[in-house]
Amino acid sequence: MDLNLAVLIDGDNIPSSYVKEMMEEIAKYGNPTIKRIYGDWTKPDLVKWKKILLENAITPIQQYGYTRGKNATDSAMIIDAMDILYSEKVNGFCLVSSDSDFTRLATRLREAGMKVFGIGQKKTPNPFIVACDKFIYLEILKYEAEENESESADRKPTAKSSVDKITQKEIKLIAHTISDVADDDGWAFLGDVGSLLQKKQPNFDSRNYGFQKLTPLIQSIKNFEIEQREASKGRSKLIFVRNKRQNRANVKR
């Protein structure tokens, strides 16, 4: 089922330069039927947003900063989110912010049965990340877009620093996840592995490590082996993965 999504953007917290890539990413997960951005539009630092809002049909919500040091934008966004929840017009939310103040909101929406996607910068505190079903880094979307452009322009993407090097921590997470869903021979369907990885770590994304999909990421790590199997009724081949024999004992420890 295609999700109807409410996209709520913290305009005080997100750079306008990411909007194009962000909206393209959101379209992968559902239909953004509600698109709103919150901020004090009397401030000069939000001027860059105005043209972008028209191009992407995003509704600006004015919120004055009544008290110095208090973030009125956050409060307005949270109140609107709860109103939208009770209207029953959507079955998912996309919260665009790098602010941990939305942690409780994400948790509350999931408690109500909503699918919650988070989008923010890499500086986003972990509590907000783990409160979402899936969390996507804006820097990775920007790098991905620049990489696609570079293929036709013969230049290197400038956001290369956005790509992380995979560490033993992530490798161990993958290995344990494979073991969790594997059959008696140690083989696990890659789709099940990917789904469980997302549940364990909402910000796990192969693009964070420079790979478009999970399959090439797994293939790049010597600890795992991959097998393609014929699917029934002419479907595309199914991909299975398992920990190499010499690594299985370590995973079980």
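Start by selecting Glu 225, which is partly exposed at a relative accessible area of 25%; here buried means under 20%, exposed means over 50%, and partly exposed lies in between, using a 1.4 Å probe and protein chains only. The term salt bridge stands for a side-chain nitrogen of Lys or Arg within 4 Å of a carboxyl oxygen of Asp or Glu. Arg 242 sits in strand β9 (residues 238–243) and Glu 225 in strand β8 (residues 224–229), so this pair links distant parts of the chain, 17 residues apart. Arg 242 itself counts as buried, at 15% relative accessibility.

A word on what you are viewing: this is a predicted model, where local features need pLDDT of at least 70 and side-chain atom pairs count only at pLDDT 80 or more, while totals for chains, interfaces and linings use all residues. Residues are numbered from 1 along each chain as its sequence is written, and side-chain values use heavy atoms, with hydrogens and water left out.

Next, select Asp 133 and Arg 110. Their salt bridge brings the closest N and O atoms to 3.1 Å apart. Asp 133 lies in the loop between α5 (126–131) and β6 (134–137), and Arg 110 belongs to helix α4 (residues 103–111), so the pair ties together parts 23 residues apart in sequence. Helices (H or I, at least four residues) and strands (E, at least two) are DSSP runs numbered from the N terminus. Is Asp 133 buried or exposed? Asp 133 counts as buried at 18% relative accessibility, whereas Arg 110 is partly exposed at 35%.

Move on to Asp 180 and Lys 200, another salt bridge, with the closest N and O atoms 2.6 Å apart. Asp 180 is in helix α7 (residues 168–181) and Lys 200 in helix α8 (residues 190–200), 20 residues apart. Lys 200 is partly exposed, at 37%.

The structure holds 13 salt bridges.

Now select Thr 215 in helix α9 (residues 214–219). Thr 215 is buried, with a relative accessible area of 18%. Which residues does Thr 215 contact, leaving aside neighbours within four places in sequence? They are Leu 190, Ile 226 and Ile 239, a contact being heavy atoms within 4.5 Å.

Finally, zoom out: the protein has 10 helices and 9 strands, and buried residues make up 49% of its 253 residues.
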